[in-house]
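Please read it alongside the sequence and the model.

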Amino acid sequence: MSNHRLSFSSVASVLSVAFALGLSGCSANFGDVSNTPAQTAMHIQGVVHGGQQPLSGAHVYMYAASTAAYGGNGIAPTAGATGNASTSLLTAATGNPADTNGNFYVTTDTFGDFAINGAFACTSGQQVYLYSTGGDPQLAGTGVAGTPNPAATLLAVVGDCASSAFPGVTSISMNEVTTVAAAYALAGFATDPLHIGAPSAVTGHALSGTGLANAFNTALNLVNQTSGAPNPTLPLNSNAVVPVTTINTVANILASCVNSNGVSSSGCSTLFANTTYGTVPGDIATAAINMAQHPAANLTALLNLATNASPFQPFLSAPKDLSLGINYTSGGGLNHAFGIAIDGAGNAWVTDLAVDSVTKISPAGEFLSGTNGYTAGGLDNPIGIAIDGTGNAWVINGLGGAVVELSSTGAILSGTNGYTGGGLTSSNAASWIAIDSSGNAWVTNFQGSSVYEISSAGTILSGTNGYRGGGLETTGGIAIDGSGNSWVVNEESDSVTKISSSGTVLSGTNGYTGGSLRVPTGIAVDSSGNAWVANQESVAVTKFSSAGTVLSGTNGYTGSSIDEAAGIAIDGSGNAWVANAGGSLIELSSTGTILSGTNGYTGGGLNVPFALAIDGSGNVWVGTEQGNPVTELIGLATPVITPIVAGLPAIPTTDGTSNLGTRP
């Protein structure tokens, strides 16, 4: 186990001394869902390449993501379909042919060129992508017809159809790189290339529509759709570095199949055999989606498909996994990120204890909080952060003994010095915060070994000295369950304390113990009311039932990739995600099985990751103690309801159940 002791105790000692084809009139828009200006009619054209060579005779379709369900039910789409499958948008207006399912397409010429002359119909809000199938890869590169490759399927994202036609984009390049961008960004919404979507047209599912739209924009921002090359940085933030070499590596793996005779070729057979999860994929785009969903699996066999002769350079020869991590290197107030929370629009809010700021990052990677972040309101070594039901951010000062409330636009709502009193003092070193369904904030005081409750108006509700007893000692992470109970980890006493909404200890005199609790640091609650605890020093994750029974066995959930677990979060599948101070992210199933491979996920070069949060697009945001302050791993998790409080029931349940850790 490496020597990165990142429990709050160590931090306390330190404290003491956001082509794209996007949609902006006739110009490119690299934006998020809040950035959709007026549209103009247009003509879409482009080119389909396998590697650096044209695919002639390929069929190019235009689809809109389903608004009825996630992924789909495996049924091929039909013309005008509005169910689980993606919706075909091309029409017969200019004599376009149709396939056996009645879906229209255009065909590429000898040079791989295609044109869609306005022969499509879409409506505002539909998320649109192009899908190419088959074609002749012209293996000799001479333009002379070779052997068609039925397995050659490629993707390119177009974006939001904000009117009956798209703006004046002149060219779309479809290749393996655009396929990688689409597959990864949309991994949480896709079953295969013909089943991409979210239930955004269903009552109560507005959040899923937001997550899907943000994911489409992420795909647009990763790649220059005109050239088909990765963007080195995000268009709206030059400090957000795109993992070009990893994208090239995955693209080269796909190219080994595209530039071949088809399914029976060595490249295709190896690709499909090593991206099989259930049904063997029969095409490249499906394999790419499967890789995005399992980026640590079968690495050796897949990496052997990428060589120095591959079309996309440079590439990685020996990565630990194939996850895509965008690194936010600096700027916007980022220096030493610590806490992260996601709001309902998909913005990431990051505390920085080194420069006393809070940075707001849009789903497109843009810094929304100015050059230096939000700095007013008495921010002093900010640590924990949570978003309430109205979109306001609540921030804990590690020093200064205050809680600062910011509006969704960064306005200070808590006065010049923040909310104080009731025992909140600088010497108590307030650390983490959670919001309950009533809008009250629950704060842990590390040195004060106590928990404080603050009303939505900033009034202290927990008395002069806060809630105490029940084993509360050097209190760290905190989470709220569906009954309104607070679950608090006690780092020094190796226990977990459960407190009712009225401040009554429910976990006995010494709290819940066992399950290899040792310096517990992070905690999260799932939809069943179970509490998941990350332990810094036992190389384990401990799971408690809502009644406090250890569910993870005597030694907790362990594995070779768990190393100094710190932050923890639950995704929309109920899987637990753990930040390992040792340098990786670990994904565990709801039963504790490690899903992230031998080494965990390391995309973006994670260096001492500590805090993490998952957004509604399935991106995992990680704050690191060293190296780049923030890394965003694209499409790695299942989309989840954000902010966390939105998963709690308005009327508390009796058994702790909720919509925490579920998809919107």
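S407 lies in the loop that links β22 (403-406) to β23 (430-435); helices (H or I, at least four residues) and strands (E, at least two) are DSSP runs, numbered from the N terminus. This is a predicted model, in which local features need pLDDT of at least 70 and side-chain atom pairs count only at pLDDT 80 or more, while totals for chains, interfaces and linings use all residues. Residues are numbered from 1 along each chain as its sequence is written, and side-chain values use heavy atoms, with hydrogens and water left out.

- S407 counts as buried because its relative accessibility is 11% (buried means under 20% relative accessible area, exposed over 50%, partly exposed in between, with a 1.4 Å probe and protein chains only).
- Leaving aside neighbours within four places in sequence, S407 is in contact with W349, G391, N392 and L413 (contact means heavy atoms within 4.5 Å).
- The C-alpha atoms of S407 and A393 are 6.4 Å apart in space, and the two residues are 14 residues apart in sequence.

- In strand β18 (residues 348-352), five of five residues are buried.
- A348, V350 and D352 point one way from β18, while W349 and T351 point the other way.
- Strand β17 (residues 337-342) runs antiparallel to β18 and is joined to β18 by four bridges (two strands pair if DSSP finds at least two bridges between them).
- In that pairing, A337 stands opposite D352 of β18.
- The hairpin of β17 and β18 has five residues between the strands, and G346 takes a positive phi near 90 degrees there.
- Strand β19 (residues 357-361) pairs with β18 over five bridges, in the antiparallel sense.
- Here T351 stands opposite V358 in β19.
- The hairpin of β18 and β19 has four residues between the strands, and D356 in the turn has a positive phi of about 55 degrees.

**Helices α2 and α6**

- The axes of α2 (residues 176-185) and α6 (residues 284-293) come within 8 Å and cross at roughly 50 degrees, which makes α2 oblique to α6 (angles under 35 degrees count as roughly parallel, over 145 as roughly antiparallel, 65 to 115 as roughly perpendicular and the rest as oblique).
- T179, A183 and Y184 of α2 make the contact with A285, A288, I289, M291 and A292 of α6.

Methods
Axes fitted to C-alpha atoms, helices over the stretch in contact; angles between N-to-C directions.
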